[in-house]
Amino acid sequence: MTAIDTNNQQAPHSHGLPVAGSTGSGSPPERFTSRNPDDFAVPTGREEEWRFTPLRKLRPMFNSFQVDSTIRPTWVAPAEVTIEVVAADDALIGSVLRPADRVSALALANVRHALVVRIPAGIELSEPVWVTITGKPGLNYGHVVIDAAPNSKATVILDHVGSASLAANVETIVGDGANLTVVSVQDWDADTIHLAALATRVNRDAKLTHVVINLGGSIVRLTPTVEFGGPGAQAELYGLSFAGDGQHQESRLHVDHAVPNCSSNVVYKSALDGETARTVWIGDVRIRPAATGTSTYELNRNLLLSDGARADSVPNLEIETGEIAGAGHASATGRFDDLQLFYLQSRGIPEEDARRLVVRGFFNDILKYIKVEALHDRLMDTILTRLGAK
Amino acid sequence: MSTLEIRDLHVSVNAVGADASDTPTEILKGVDLTVNSQETHAIMGPNGSGKSTLAYSIAGHPKYTVTSGQVLLDGQDVLAMTVDERARAGLFLAMQYPVEVPGVSVSNFLRTAATAVRGEAPKLRTWIKEVGDAMKDLEMDKAFAERNVNEGFSGGEKKRHEILQMALLKPKIAILDETDSGLDVDALRVVSQGVNKVRETGVGTLLITHYTRILRYVHPDFVHVFFDGRIVQSGGAELADELETSGYARFGVNETAAAG
Ligand SMILES: Nc1ncnc2c1ncn2[C@@H]1O[C@H](COP(=O)(O)OP(=O)(O)OP(=O)(O)O)[C@@H](O)[C@H]1O
Ligand SMILES: [Mg+2]
């Protein structure tokens, strides 16, 4: 059965000022990828993939740079897990990633070391792997590889804190039958710039749960991509952005269905609190002719908590076979929902409490996928503190 | 013993026209109705006659503007209260279209509401039993408590969830707006039993419905015919049967006019 459900509640995909060019949904063109940085021109801001991004602050990262300092990740992990720093010529590096923009290609070409996290086959971890990446001021390259061997089950947290200008790539392999949760937290200090490609391959009958939480930083632009290495694979992609004044948080997803019977489910939410707060969500999903039996759904919700804040939302669904199980997307950007408030208040809950419940619920809808209580609670506390500080 | 008095209530809604003009349209044109504890009043009337508007106006929905008239609960001015104050004063509205609240679990919602209405947090152990029993009465699966409020609920599940809230919040006066619509026969029986159980507590009930089938379970003391923003006829339970057999026309209601 084929079901295509295109539901654009509250009409606009793009909210706020009009933007030159198309903001509606269309077909994502075939992505150009290359390991050679010079195959990508220096962005001018007119390119489809850069047109939402404030480029001025990013200029130093559009060419090869001298690394100012070395970021040394620290970690806490169960004994079964191997974590090591390898040289950039290791065979794992570049095994999943195919750079799709100049910064990603530059980072791959220039990075000297990579952190490799290996989850052994058939092992179910009782505790998460918690990698903390503490930035240091200045320009940096980064590279992380997460290799979950077949039939393993694990949660890996990449916890970004501190201050940095980081161009990075993260490669993730979810082996046959493995069940991997990756949580990437961007809890940076206010001046941070973080540009990264998060490339994942999900193999046969494997399940990926990918959670991206953007809280801190000045410009955070992440491009999660998923490809499937065999049938029966599943990808759940969740994202939460909370942008305040002066923050630009951009998520550009690309899910490539090229093998049969895989599913993808995308739920990205952002809350914007501040006149100059800015979020961008691009959701590209491609279902290739061979990908029969695909099931995919994308949802983007943006909550504008103040005037002037702007959220852009562009879902792109390209379907090249009729033999799919289902495909759809929905996107909505709006202010606080008065009806939700009314409903809660009509049950006796005072307005302030009702408001808190709705906002907390908005965030918790994504945070609930983080089953690591200490992290979940820390993030919720950070959010509530920021909301309360208003 | 409580009394809800609705006196000559006029209500407008700001209709945003195709030309984006913003003109108030009068929907309720003088509603008079008194509901006492223990009593059950059924309101029946064609689509668009203003039944939900009456219900929402009493609850304080922001979309509706009361232009004149009064609503009193035991002599207290309901219209001067905020939405949550009305609920804490003892009013309850089971909505025709309950609202989804993402990320807020039913259990958290129910406990927050009960705490607000009762003025103190219910003791955890008795509360869990209370919720469990009420859900059992309504044949609701325990798993509901962990789901988000109304999110992905079927039409029937939403209605059960409304009556669950009514059972836990124990209002003085409850307004049920088409609680029976969209229920299959079994669900109708279960939900009606749930309503009847709350009625035993002495609640005064205003039951808005299109169908007499719910009235076979929830017996009304009074039936009112609602048309064009007001009550045009009132009577006993037999009035509902007359409506069933002969439609609204007999009561001076021109249904084509209502649709137009
Ligand atoms: N925001 C609005 N703008 C314009 N008209 C409105 C608005 N809200 C309600 N109305 C109109 O008010 C009238 C009464 O609506 P109401 O929902 O109260 O009817 P009802 O009797 O509950 O109908 P039903 O049996 O279909 O539930 C309708 O004609 C409706 O279109
Ligand atoms: Mg109605």
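What radius of gyration would a compact globule with 260 residues have, and what does chain B have? The compact globule would have a radius of gyration near 18 Å, and chain B has 18 Å, which agrees. Keep in mind that this is a predicted model.

I'll stay with chain B for a moment. Along the principal axes, its C-alpha atoms fill a box of roughly 55 × 40 × 40 Å. Chain B has 8 helices and 12 strands. Of its 260 residues, 54% are buried.

Next, empty space. Rolling a probe the size of a water molecule over the atoms shows where such space is left. In this structure there are 4 cavities of 30 Å³ or more.

The largest cavity has a volume of about 80 Å³. Its lining takes residues from both chains: A:Ser346 and A:Arg347 on one side of the list, and from chain B a set including B:Ile58, B:Ala59, B:Val83, B:Leu91 and B:Ile175. In chain B, the elements that give two or more residues to this lining are α1 (51–59), α2 (83–89) and β6 (91–94). By class, the lining of the largest cavity has 8 nonpolar, 1 polar and 2 charged residues.

The second largest cavity comes to about 70 Å³. Among the residues that line it are A:Ser241, A:Gln249, A:Tyr268, A:Lys269, A:Trp281, A:Asn300 and A:Asp312. Four strands of chain A, namely β14 (248–257), β15 (263–273), β16 (278–287) and β17 (295–304), each supply at least two residues of that lining. How do the residues of this lining divide by class? The lining of the second largest cavity has 3 nonpolar, 7 polar and 2 charged residues.

Now the open space. The largest pocket holds about 880 Å³. It is lined by 29 residues, and those closest to its centre are A:Lys269, A:Arg301, A:Gln340, B:Pro102 and B:Glu151. For the pocket, the elements that give two or more residues are β15, β17, β19 (326–335), α2 (338–345) and α3 (351–367), in chain A. The pocket lining divides into 12 nonpolar, 8 polar and 9 charged residues.

Last topic, the aromatic rings. Over all chains the count is 10 aromatic pairs. One of these is A:Phe32 with A:Phe40: the ring centres are 5.4 Å apart and the planes stand at 70°, so the pair is edge-to-face. The cut-off for that label is planes over 60 degrees apart.

Together with A:Phe242, A:Phe362 and A:Phe363 form one aromatic cluster.

Two arginines also sit over rings. A:Arg221 lies over the face of A:Trp50, at 3.7 Å from the ring centre. A:Arg355 lies over the face of A:Phe336, at 4.7 Å from the ring centre.

That is what I have for today.

Notes. Residues numbered from 1 in each chain as written. Chains lettered and ligands numbered in written order. Predicted model: local features only at pLDDT ≥ 70, side-chain atom pairs only at ≥ 80, totals over all residues. Heavy atoms only, no water. Phe/Tyr/Trp six-rings, centres within 6.5 Å; stacked < 30°, edge-to-face > 60°. Lys NZ or Arg CZ within 6 Å of the ring centre and 35° of its normal. 1 Å grid on protein atoms, 1.4 Å probe; cavity = no way out; pocket = protein on both sides within 12 Å on 5 of 7 lines; lining within 4 Å. Points joined across faces, edges and corners; volume = space filled by probe spheres on them. Nonpolar A, V, L, I, M, F, W, Y, C, P; charged D, E, K, R; others polar. Rg over C-alpha atoms; globule rule 2.2 N^0.38 Å. Buried < 20%, exposed > 50% of the residue type's maximum accessible area, 1.4 Å probe, protein only.
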